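Student: I have a structure open and would like to go through it. Can you help me read it?

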Amino acid sequence: MHLNHNAEALDKIRHSLSHILAWAVRVHFKEQPIRLGIGPTTEEGFYYDFETEKPISNSDLKSLESLMRKLVAKNLPFERSSMTISHAIEYFTQQDALLKVELIEDLRERGETEVSIYTVGDFLDLCAGPHVENTKEIPIKGFSLDRVAGAYWRGNEKNQMLSRVYGLAFPSHEALEAYRKQREDAEKYDHRKIGKEQDLFVISKEVGKGLPLLTAKGATIRRVLERYIVDEELERGYQHVNTPVLGRKSLYVTSGHWEHYKDSIYPPLDIDGEEFILRPMTCPHHFMLFDSKPHSYRDLPIRYAEVSPMYRRERSGELSGLVRVMGFHLFDAHLFVTPEQVEKEIKDVVVLIQDVIKRLGLADQVWYRLSLRDDTKEKYIDMPTRWQEAEAILRKVADELALNYVEGVGHAAFYGPKLDIQMRTIGGKEETLFTNQIDFASAERFDLKYMASDNTTARPIIIHRSSAGCIERTIAFLLEHYRGALPTWLAPVQVALLPVNDRNNAYAEEIHQLLRKHKLRIEVDSRKESLNQKIRQARLQRIPYLVVIGDKEQEGRTVTVRNRDSGIQQSMPCETFVERLTAENENGTLMLEIARSE
RNA sequence: GCCGACGUAGCUCAAUUGGCAGAGCAACGGAUUUGUAAUCCGUAGGUUAGGGGUUCGAUUCCCCUCGUCGGCUCCA
């Protein structure tokens with residue numbers, strides 16, 4: 001109750017600050033006409049959009065901010081009043097506030113007859129409120145202007161671009177500083193930084209932006225993930241197949257992707273007069289595998305899985321590290337099922353996903369989104385009852401498995417609703433980690449069929465699903481979540497062997513070979529460096545276990561082990577170490593005693 | 001793609017109003033044989049992202065291209 005009250009109060013403060021910002025912009029740029037867009041609150045503050053002759057730049061922020069402080073310090077009341085719609089349109093038209101007029105006209109269409117207006121000082125704005133009663137409620141050191149960015153009017157890229165000024169606002173100066181500190185810390189664990197520090201991947205301008213190159217270490221993480229997922233899927237009745245990244249454009253015309261997805265597909269390659277494209281998804285290839293022979297209902301479900309390479313065209317400003325790339329690999333599958341099987345198969349898919357995210361240690365990090373279509377948009381195929389059926393199944397399964405899900409209207413695929421697995425990057429941005437879809441349409445388009453038990457021809461329902469997203473994005477998320485310290489089974493180097501002295505090198509090598517036989521990943525640091533130096537560097541590389549090998553160990557045929565996070569060390573016979581490490585590597589659990597000291 | 005910011009040695013960062021481009025770490029050479037987060041000394045390293053312009057003189061000012069970052073749009 002108290003918390004809610006505080007949240008409401010903070011929201012009023014932020015909202016009020018957006019008005020103050022708009023007022024300050026008016027005053028600051030008084031020589032040029034400014035049209036106001038909208039000014040809502042955000043999770044960490046507020047923003048306001050402005051249409052200006054010249055875009056607002058970062059250098060304006062400082063003076064805008066101090067101007068805002070002066071305005072706030074005047075202890076002015078926020079006063080609410082109302083206008084009839086027609087009066088408001090007349091008034092704002094006269095003020096040349098055409099963006100506001102557009103908003104008011106929308107309100108009129110929705111049947112409103114009056115609009116509310118808030119005035120602070122001599123600044124008047126159309127606004128639903130609520131606001132603080134007086135600017136003295138605003139903590140004068142609790143806010144600051146953060147950055148400027150471009151934003152399309154009403155979020156539509158066909159509209160003009162406005163200047164958006166973002167501000168931070170918190171209940172106190174301390175809270176603002178705490179937020180800044182948190183953001184600074186998060187930067188340290190950005191996967192792009194970790195990737196560089198730990199030598200996991202490289203983005204080369206020469207190869208091309210959005211086309212990351214994995215180093216041996218990065219490739220190791222990928223290989224381990226891949227082996228784990230593939231084994232897991234094989235165990236659950238998936239067939240792993242391989243299909244090419246190139247395919248005839250006509251396949252994608254048939255699937256509807258060409259029509260709906262053209263902007264994300266690279267221009268076709270002309271090969272002997274035939275048009276081929278780099279595939280943006282795998283579906284048609286798997287469909288053709290399915291279609292290569294007749295099927296009986298007894299064969300279903302058929303589950304084709306693949307770690308699929310695919311390419312999607314992105315506009316340059318959208319690329320980001322491993323999270324947003326032009327070429328990537330999806331843990332992909334298409335399930336061909338009968339109507340009776342859909343529910344169970346979807347459920348099994350979700351159970352698989354739950355197992356996977358648990359193994360990856362992400363169970364508390366991700367959430368589900370039931371992505372539904374937006375009736376007002378045209379991009380969705382027009383089969384209303386099919387949509388309802390698919391949605392009902394997803395909802396039922398989500399409820400039965402007690403998934404914690406939100407609904408996302410307008411996030412569906414064009415051919416069906418999705419169950420998405422969502423996460424947040426360390427920078428706070430929400431991303432889809434992966435997605436599952438029920439597809440009632442494609443079988444029809446590709447004339448896919450099976451013989452039903454009643455001797456009629458039937459259409460399979462297709463489930464598009466991913467068990468662990470695309471490798472690149474999943475690795476990025478893992479790196480950020482674990483702050484670069486991947487669990488042992490995923491770590492590219494699991495053990496650093498650190499001989500104290502030259503004369504311990506042979507024994508270190510012996511242990512190295514022993515561990516290698518057990519498929520463990522080892523690095524031996526036999527450089528002529530101090531032990532301190534070797535430990536420091538192994539820790540910076542976040543190698544899970546550091547094993548010191550000196551005369552004592554050599555004599556007793558033991559090893560002295562410590563983990564990367566604690567200084568606590570423990571000596572044990574090398575056989576014991578191998579046993580424990582092998583167990584940890586295989587099932588993802590932690591070594592007992594040492595793990596506890598973490 | 002659009003708006004804004006940024007691009008200096010392999011990495012992290014300096015360089016006064018336009019006046020000889022520098023440090024730490026890494027690399028390399030030498031010494032040190034080290035017991036739980038940096039041993040010491042030395043050497044080398046640059047078309048200041050690329051191209052053009054202004055200027056006696058440009059890392060610094062202007063323009064273009066490329067790339068990076070934050071947003072918008074799109075999206076796995």
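Tutor: Start with a term: two strands count as paired if DSSP finds at least two bridges between them. Keep in mind that this is a predicted model.

Student: How do β26 and β27 run, parallel or antiparallel?

Tutor: They run antiparallel, and five bridges join them. Val561, for instance, has Gln570 in β27 as its bridge partner.

Student: Changing topic. What domains does chain A have?

Tutor: The assignment gives domain 1 (2-186), domain 2 (194-481) and domain 3 (495-596).

Student: How much area do domain 2 and domain 3 bury between them?

Tutor: About 500 Å², with 36% of it on carbon and sulfur atoms. On the domain 2 side, Gln198, Lys217 and Arg359 lose the most area to domain 3, together 69% of what that side buries.

Student: And how many salt bridges are there across that interface?

Tutor: The rule finds one between domain 2 and domain 3. As for Lys217, its side chain meets that of Glu523 in a salt bridge, at 3.9 Å from N to O.

Student: Which helix gives the most to the domain 2 side?

Tutor: Helix α7 (residues 216-235), with three residues.

Technical notes. Residues numbered from 1 in each chain as written. Chains lettered and ligands numbered in written order. Predicted model: local features only at pLDDT ≥ 70, side-chain atom pairs only at ≥ 80, totals over all residues. Heavy atoms only, no water. Helix = DSSP H or I, 4+ residues; strand = E, 2+ residues; numbered from the N terminus. Domains from an automatic or database assignment. Buried area = accessible area lost by both parts, 1.4 Å probe. Salt bridge = Lys/Arg side-chain N within 4 Å of Asp/Glu carboxyl O.
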